[in-house]
2 protein chains.
Amino acid sequence: MLIVQKYGGTSVGSLERMRAVAERAVMCKRDGNDVVLIVSAMSGETDRLINLAKSINETPADRELDMLLSTGEMVSASLVAMTIGSLGHRAISLTGSQVGIMTDSVHTKAKIEKVVADRVEDAVKDGYIAVIAGFQGITSDTSDVTTLGRGGSDLTAVAVAAAINADLCEIYTDVDGVYTADPNIVDSAKKLDKISYDEMLELASLGAKVLQTRSVEYAKKYEVPVVVRSSFNLLPGTLVVKEDLDMENVVVSGVAHDKNQVKITIQGVPDKPGIAAKIFITVADKGIVVDMIVQNVSTDGKTTDMSFTVPKSDQRQAIEISKELANTLQAKGVVVNDDIAKVSIVGVGMRTHCGVAAKMFKALSDNNINIIMISTSEIKLSCVIDAKYTELAVRELHKTFELDKR
Amino acid sequence: MLIVQKYGGTSVGSLERMRAVAERAVMCKRDGNDVVLIVSAMSGETDRLINLAKSINETPADRELDMLLSTGEMVSASLVAMTIGSLGHRAISLTGSQVGIMTDSVHTKAKIEKVVADRVEDAVKDGYIAVIAGFQGITSDTSDVTTLGRGGSDLTAVAVAAAINADLCEIYTDVDGVYTADPNIVDSAKKLDKISYDEMLELASLGAKVLQTRSVEYAKKYEVPVVVRSSFNLLPGTLVVKEDLDMENVVVSGVAHDKNQVKITIQGVPDKPGIAAKIFITVADKGIVVDMIVQNVSTDGKTTDMSFTVPKSDQRQAIEISKELANTLQAKGVVVNDDIAKVSIVGVGMRTHCGVAAKMFKALSDNNINIIMISTSEIKLSCVIDAKYTELAVRELHKTFELDKR
C-alpha cells in the first residue's frame, strides 16, 4: 500500500517524539508499504514565531508572516528525515515548494490549486520515505511562500494523498479518533469506528479539532480514505470514508461545540435588496468565512439588524470591515458579542428522520438554555448559546440522543 | 546609488538590533538610494539548529542539514522585512530560491553557479527594500536547498550585488573594518581605510574573519566595490577595491593568524609520480580545501611523508580519507597535529620588495618560534607554528613591519 501519514505538532514536539514518528514510519515501510510523511511544526514553534512577529508589528504583513511560519515545518521535516536516516532508512525532506503545492495568493489561509508531487513519487519510487513540510505552499505566479491556515498540514496530507493516489491517509494526532462528543466534557463519549465525509465535515467545521475542515472537503472530493488515530498508541482510530447504508440508521453521530466564534451585529441596516449581498461580499473578499447569518425581521419596515458569526481569529478584521460598512450604509452601529458558543448535533440519519430539531430545542430549553441563533443543514443542527452553558448543553444533548449507548 | 547591505548574525541578533538594521536601511533609502539587504541567521540560531541535528545523528545527511539551516536566514529575512514595514516602508523578504541563487549540489558548501535576481530588481523597481535570506541557494537541477558554507551570507551579498550591478556592497559586521592585525591580540592594530581584493583575499583565507574568502574572490572577479563596516556605529569602515598604485608602496598591509587548521601527515608514502595527485584529488573530491602542502625529501629514495593542512571543520572527514588512502597506498600511517596555528603577513608591495621573507623568519626565530611549514604567494607569506606562540608571533610581526605606524 502507498500510505500518507501526517503527524501534528505534539507528535513531533520533541526529538524523542520525532524518534517515535520515525520508528512508526520505518515500521510501516518494513511491512512492505511505501510511506510519505507530512509533518507540522514542533508544538509551540508556530506560536513562538507568531509572537516574535507580533512583538515587531501587531499586524505584520501576511506575506512575511507566511515566510516566517513556513520555517517551522521545514525544521520538523528535516529533523524527522535525519531521524529516519539515523534508523538506517533513506529519507528526504521536501518543502511545499519542492513538492509543488501550488496555491492562490491569499496569504495565511491560501487555497491549494494544484499539487504536482512528481518529486514525491520519484522519491517513493527510489525507496525513500519522503518527509513533507506541511501547512505550506507557493503561489503559482510569483513563487511566494503561502500557508494554508491553522491545521493546514491535514490539508497538505490529504492533497498529497490525492495527488499520488495513496491508498490511505493517516492523520496522527494526540487523540484516539473521532468521538461522539469531546471526552473532556462528556465522560461517556464513545470513539466512532467509522464516519462519513459529510459528518466529519460538519464536526470539523463545528469545532471538533481532530481534522481541519478543508482537508475533509478535499478528501471527500477526491475520495481519499482518511484515518484519524493517535501517534501515542497503536489503536486503529476512526476511518473517514464515503457514506454507506448502515450509517443512515444512526440519527445523530456526534455532538460538537465551538467556542471560537464571535457574533457581530450591524444595527439599523437599510432593509432593501442587495444590502446583505454587499455586506457578505465585502467580508468574503477579505477571506473571512462567515458561519451563521441572521437577518432580523424589520420592525419599522425601513431598517433591520444583520447578525453573523465569524471565527475569533478574524474578529479584529471583521469588526473593522463591519464598522466601515456601517458607515457606508449609514447603519446605526456595530455590536460585538464574543461570549457565545455553538453547540451542534450531526448525523447523516437526520436526512431521513424527523423530529430531531424539536428534540434538540427541548433538551436545551429543559435546561433553561436560551437559543441565540439557529442554523441547519441536511445533516446538522446548530444553536448559538451563551458560552457559559456550553458544557451543560453538550452533556445534555449527548444524553438526549443516547450517544453513550452506541 | 543602488546599495546592497549585508548584516551578519550579531547585527540581527535580537529584535532591537533588527530595528537598528531596519532604521539604517530606511535611512539609506530616504537618502535617495535603492537598498537591498542580505541577512544572516540571528546569532546563535545556526548553532542551535546544528546542535539539534547532531543530537539526532552525529553526522546528519548534508542535504537535510542544509534544509534545516536555511530556515535560520528565512526567519531573519521575514522579521527584518516586518520591522521595516513597522517603520512605514515597504519591504519584501526573499529566499535564496526566490532570488534565483543557483548553486552546484555540494551541500553545506555549495558554489554559486548563477544568480538570476530578476525578482530583486523588480522589487527595487517597485520601491521595495528587498530583504534576502543569505547563506542559501538551490540546485539548478533538483531545486534542493543548499547552503554556501560558514560566512556564506557575504557571498550572497557580493553575488547579488554583482547580479543587479549594485554601486556598492556594504558588509556590516561587529568590527569597524579590516585591521592590520586582530585588535584583540595587538593593541596598536590600525584600521585600514582601503585594501585591495588580493590582500583582502589573503587576509580572509588566512583567518581574518571579517569577510568570507569566496565572497572576496567573487567581488574581485566582478569588480564589486565592497565596504566592511560596523553595524554598531557610523564609522566609514574599510573599502575593498581594485589595486591602485599607492597600495604598492606598502610592503605589508596586515598580519593574520588562523588557529583553525589541522596538520595531517601521511607517513611512508611511496615516492613515485602520481601519488601526490592521487592524494589531493581524493581529498578535493570530498570538497575539502587543502591549504598548505609539504612533501618531505625522501631519505630512503622509496618513501616520503606527505603533510597538509585542512580546516578543523573538515578534520574528521580528512582523517578518514587519509587513513583509507594510507591503506590503499600501503603507507605507514597517519599522524594528526591539531595544535598548530598559521601566522601570515600580507601586502601587494611584497611583489616588488625583497627581503620580506628573511625579515619574517628572523622575527620568529628571534623569539624562539619554530617554523613547522611555510607557504608563499605573490603577496603573502605564511608560517605554521606551535599554537601557543600565536599571539606572540602576531605581535612581533606587527612590530617588525611597523604596522602600528601606518
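**Strands, helices and a chain contact**

Hi everyone, let's start with one pair of residues: the bridge partner of A:K342 in β20(A) is A:V384. What we have here is a predicted model, where local features need pLDDT of at least 70 and side-chain atom pairs count only at pLDDT 80 or more, while totals for chains, interfaces and linings use all residues. Residues are numbered from 1 along each chain as its sequence is written, and chains are lettered from A and ligands numbered from 1 in the order in which they are written.

A word on names: helices (H or I, at least four residues) and strands (E, at least two) are DSSP runs, numbered from the N terminus. Two strands pair if DSSP finds at least two bridges between them.

Back to β20(A), which spans residues 380-386. Strand β18 (residues 340-346) of chain A pairs with β20(A) in the antiparallel sense over seven bridges. Strand β19 (residues 373-377) of chain A also pairs with β20(A) in the antiparallel sense, over five bridges, and there A:M373 stands opposite A:V384. A hairpin through two residues joins β19(A) to β20(A).

Is β20(A) mostly covered or uncovered? Mostly covered: six of its seven residues are buried, meaning that 20 or more other C-beta atoms, placed from the backbone, lie within 10 Å of the residue's own.

Now for some helices. Two packed helices are described by the angle between their axes and the distance between the axes. Helix α1 (residues 15-30) and helix α3 (residues 62-86) of chain A pack at about 60 degrees, with axes 9 Å apart. Axes are lines fitted to C-alpha atoms, for helices over the stretch in contact, and angles run from 0 to 180 degrees between N-to-C directions. That angle makes α1(A) oblique to α3(A); under 35 degrees would be roughly parallel, over 145 roughly antiparallel, and 65 to 115 roughly perpendicular, with the rest oblique.

Finally, the contact between chains takes 25 residues from chain A and 25 residues from chain B. Here, two residues are in contact if their C-beta atoms, placed from the backbone, lie within 7 Å. On the side of chain A that touches chain B, α2 (45-56), α3 and α4 (96-99) each supply at least two residues. Which helix gives the most to that side? It is α3(A), with 13 residues.

Terms used
A residue is buried if 20 or more other C-beta atoms lie within 10 Å of its own, exposed if 12 or fewer, and partly exposed in between; C-beta atoms are placed from the backbone.
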